[in-house]
Amino acid sequence: VKLVSAALRNRECKIQRLWLDNVSLTDSGAEDLASALCTNPSLTELNLGCNSLTDRSVPALRRLILTLPSLELIRLEGNEFSLIGKKELRSLQEPIPGLSVICEHLWL
């Protein structure tokens, strides 16, 4: 995560979609990643599904979501958030038009 975070802090990095699903990302890794991504205004999609994130990462994810006006989708399903953590993350959709925060699997 530290190498990816360092690359994302580079001003030349203009990433729009980042998929880090099922890579054993932890709360501390999410903090580093969120800090780095806050400097990348072109990000529109972030997939952090199926990792080991808990409510401890909610403040960092909240800061990230509120900092990136271009973010349209953040996938967080398959992590270890409590019902309260999921509710807090989903509540960020209300003040940000066009944002989708997915915290649970959507079965068809």
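What follows is a short exchange on the salt bridges of a predicted model.

Modeller: Local features need pLDDT of at least 70 and side-chain atom pairs count only at pLDDT 80 or more, while totals for chains, interfaces and linings use all residues. Residues are numbered from 1 along each chain as its sequence is written, and side-chain values use heavy atoms, with hydrogens and water left out.

Biologist: How many salt bridges does the count come to?
Modeller: Side chains of opposite charge can pair when their charged atoms come close. The rule asks for a side-chain nitrogen of Lys or Arg within 4 Å of a carboxyl oxygen of Asp or Glu. By this rule the count is six.

Biologist: Which residue forms a salt bridge with E31?
Modeller: The closest N and O atoms of the pair are 2.8 Å apart. E31 lies in helix 2 and its partner in helix 3, so the pair ties together parts 32 residues apart in sequence. E31 is partly exposed at 35%. The partner is R63.

Biologist: Which residue is linked with R90 and E104 in a network of salt bridges?
Modeller: E104 and R90 pair with closest N and O atoms 3.6 Å apart. R90 is in helix 4, and E104 is in the segment after strand 4. The network also holds K86.

Note on methods: Helices (H or I, at least four residues) and strands (E, at least two) are DSSP runs, numbered from the N terminus. Buried means under 20% relative accessible area, exposed over 50%, partly exposed in between (1.4 Å probe, protein chains only).
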